[in-house]
Amino acid sequence: QMMAPGMGPGGAGGPGGPGQGGARMEMLRRQVEERFGRMVQAELQLTDPQMQQLRTAMRANQDRRREVFRHQQDVQRAIGQQLQPGQAANADSLNRLLNAGGQTRVDLAQSDQQFMRELSFLTPVQRARLLIMTQRFEQHMRDIVQRRGEVGEQRMPRMQRRPM
């Protein structure tokens, strides 16, 4: 199985909770990962051992990025709480939170650098192709999620729609 970026638990594929719907989501996620993995292996002409190394590197990168995104969400939530209408914001707390938000951007950049080091077994051409394939895949997944959201909104009666 290939862990496509953003497709693991908590990624674009969704949490896939318990029950029949969650099992179906997990099955679909695995199918997408396997198909993406076959495409990557064929496009980059990777051996099975190289493919295993790539899977390991992608999973590690995905885990690092997921943790950074969780922290980023926590920081954003805390900033939102500080800026509640009718409450005085604590300048010291906001300053710490803003610094933490900046650090998450640094952490993401460091994660990307680590990922590139972990991919050093690939040639520069293979790494570049992998990055392009990954970016296209991620954009395709975002487009699918956006279309699903738009279809869901169209199905909801007007009274139930929530403003963004």
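Mentor: Rings of Phe, Tyr and Trp (its six-membered ring) pair if their centres lie within 6.5 Å; planes under 30 degrees apart count as stacked, over 60 as edge-to-face and the rest as tilted. This is a predicted model: local features need pLDDT of at least 70 and side-chain atom pairs 80 or more, while totals for chains, interfaces and linings use all residues. Residues are numbered from 1 along each chain as its sequence is written, and side-chain values use heavy atoms, without hydrogens or water.

Trainee: What is the angle between the planes of Phe36 and Phe137?

Mentor: The structure holds one aromatic pair. Phe36 and Phe137 form it, 4.6 Å centre to centre. The pair is tilted, its planes at 45 degrees.

Trainee: How many residues apart are Phe36 and Phe137?

Mentor: Phe36 is in helix 1 and Phe137 in helix 4 (helices are DSSP runs of H or I, at least four residues, numbered from the N terminus). The pair links distant parts of the chain, with a separation of 101 residues.

Trainee: Is Phe36 buried or exposed?

Mentor: Buried means under 20% relative accessible area, exposed over 50%, partly exposed in between (1.4 Å probe, protein chains only). Phe137 has 11% and is buried. Phe36 has 2%, so Phe36 is buried.

Trainee: Leaving aside neighbours within four places in sequence, which residues is Leu130 in contact with?

Mentor: Contact means heavy atoms within 4.5 Å. With those neighbours set aside, Leu130 touches Val40, Leu44, Leu54, Leu119 and Leu122.

Note on methods:
Helix = DSSP H or I, 4+ residues; strand = E, 2+ residues; numbered from the N terminus.
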